[in-house]
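Have the model open beside you as you read.

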Amino acid sequence: MNWSSLLNIALVLAHALPTSGLPTPDSDLVIDQDEPKYVFAHFMVGIVENYQLSDWIEDMKIAQSIGIDGFALNCASIDKYTPTQLALAYQAAEQTNFTVFISFDFAYWTNGDTAQITDYMKKYASHPAQTQYKGGALVSTFVGDSFDWRPVKQNTPHAIHAVPHLQDPAGVSEDASRGRDGAFSWYAWPTDGGNSIIPGPMTTIWDDKYVKNLRGATYMAPVSPWFSTHFNTKNWVFICENLPTLRWEQMLAIKPSLVEIVSWNDYGESHHIGPYSAHHSDDGSSQWAVDMPHDAWRDLYKPYIAAYKSGASSPTVDIEEIVYWYRPTPKGVTCSGDSLGAPNGISMLSDSIFVATMLKTPATLTVTSGSNAPVSVEVPAGIVTSSIPMGVGEQSFSVTRDGQKVLDGKGGLVVKDTCKYYNFNVYVGAITK
């Protein structure tokens, strides 16, 4: 898989993180503002073999509650339960007034699978719960750059709007010859376009390339809060530390046609925003995903999603809240029982505690990290991510305004200087009134 990137954050003690990754909108980069805006979440069907209808409904209702319009159903050709779970997903979406579309994972599908892909599109393109966009049934992929969508369109009675993942934005020039109607980018993390780990910060350089080459065709932009994984086939961490807010700020600036959140439930890559489901099949990722919730990121995403859909340049805070995230250990700790070794990329990480303040008016954020002295940061109204140095021990957070504590609480995870297995996932929590 063409994973890339890393965000090299410069830690500025007791100050909000910079927004150097934000683009300056121009006529080439900003999309037509009259287009309807939709937000989807990438859903890994391959790990929900045991899902029942009720599981799908639960996930969809949670996604709807923050403004997500549908799931991109990533599915593989090799999973015997793919037809069963797709049927349940479409049934659940119809019952919940949600939408879904198939994202064919070409790590498994091939260019020779045209007939089978066509059969799926015949079955679901006109389904009441199928996502429709610009007069056609939306369909996407993971990779699959060279797949020809023309025979699928020719043999499917319902119109299709194909927005596959293209790894090279220059490839969109072949849209007409391959029947594509747009492109989905996987570059949700800073990258040079290869599979190497590079310094950040995250910018919109790749978004700009896609938009310019698409020349008005549909661009589906990726948004992701994190990426770390610890399998023997892929063992790395991306430097995404302020990405949960920075990437959304970029979306509000460039206003792409569509947004796809990566991901809803890919626990193995630690970028899920959905709940950790008890009914998914474990591929070994429980080692770093269990007891490391990401639910509070949904609180953070909700106002950004609303702002993106309305065309606003900044989110509106309705409920004051602190959302924090941090790793369980400093990067230099050696884990005693891990044969894989430390993930690639940790040298570019900062040992920091990250805090997004969601405030209606300015206030003072104070963070006490372990045995470190308390650090106070003056933060403005709106949503702002700040960072302070990580200390081993308990984490505590407070927001004070006019001499009164507005928010106050402790982090849900104690930072330790010992470990058995390397874990560069983050614990995400929230403090509300």
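Start at Ser270, which counts as buried because its relative accessibility is 0%; buried means under 20% relative accessible area, exposed over 50%, and partly exposed in between, with a 1.4 Å probe and protein chains only. Ser270 has a positive phi of about 65°, although this residue is not a glycine. You will find Ser270 in the loop between β11 and α8; helices (H or I, at least four residues) and strands (E, at least two) are DSSP runs, numbered from the N terminus.

Before going further, a word on what you are looking at. This is a predicted model, in which local features need pLDDT of at least 70 and side-chain atom pairs count only at pLDDT 80 or more, while totals for chains, interfaces and linings use all residues. Residues are numbered from 1 along each chain as its sequence is written, and side-chain values use heavy atoms, with hydrogens and water left out.

The loop between β11 (258-261) and α8 also holds Ser263. A cis peptide bond joins Val262 to Ser263, with omega at about 15°.

For another positive phi, go to Asp402, a residue other than glycine whose phi is near 55°. Asp402 sits in the loop between β17 and β18 (404-410). Is Asp402 buried or exposed? Asp402 is exposed, because its relative accessible area is 73%.

The structure holds 12 of them, each being a side-chain nitrogen of Lys or Arg within 4 Å of a carboxyl oxygen of Asp or Glu. Arg401 forms one with Glu320, and their closest N and O atoms are 2.6 Å apart. Salt bridges with shared partners join Glu320, Arg401 and Lys433 into one network.

A second pair to look at is Arg247 and Asp207, whose side chains meet in a salt bridge at 2.8 Å, N to O. Arg247 is in helix α7 and Asp207 in helix α6 (residues 205-214), so the pair ties together parts that are 40 residues apart in sequence. Arg247 and Asp207 are both buried.

Next comes Asp69, which forms a salt bridge with Lys309; here the closest N and O atoms are 2.9 Å apart. Asp69 is in the loop between α1 (53-65) and β2 (70-75), while Lys309 is in helix α9, and the two are 240 residues apart. Lys309 counts as partly exposed because its relative accessibility is 31%.

Pro128 and Gln91 are 37 residues apart in sequence and 9.2 Å apart in space, C-alpha to C-alpha.

Now step back to the whole chain. Its domain assignment gives domain 1 (38-310) and domain 2 (321-431), with bounds that come from an automatic or database domain assignment. Taken over C-alpha atoms, the centres of domain 1 and domain 2 are separated by 29 Å.

How many residues of each domain are in contact with the other? In domain 1, 32 residues are in contact with 32 residues of domain 2, where contact means heavy atoms within 4.5 Å. The size of an interface is often given as the accessible area lost when the parts come together. Domain 1 and domain 2 bury about 2,600 Å² between them, 66% of it on carbon and sulfur atoms; buried area is the accessible area (1.4 Å probe) that two parts lose on being put together, summed over both. His230, Glu241 and Met292 supply 23% of the area that domain 1 buries against domain 2, more than any other three residues.

What joins the two sides? Across the interface of domain 1 and domain 2 the rule finds zero salt bridges. The count of residue pairs in polar contact between domain 1 and domain 2 is 15, with both residues at pLDDT 80 or more. A polar contact is a pair of N or O atoms within 3.5 Å; within protein, one must be able to donate a hydrogen and the other to accept it, and residues adjacent in sequence count only if both atoms are side-chain atoms.

On the side of domain 1 that touches domain 2, the elements giving two or more residues are β9 (228-230), β10 (235-237), α7 (243-254), α8 (286-289) and α9 (296-310). Helix α9 gives the most to that side, with six residues. The residues of this side of domain 1 divide into 19 nonpolar, nine polar and four charged; Ala, Val, Leu, Ile, Met, Phe, Trp, Tyr, Cys and Pro count as nonpolar, Asp, Glu, Lys and Arg as charged, and the others, Gly among them, as polar.
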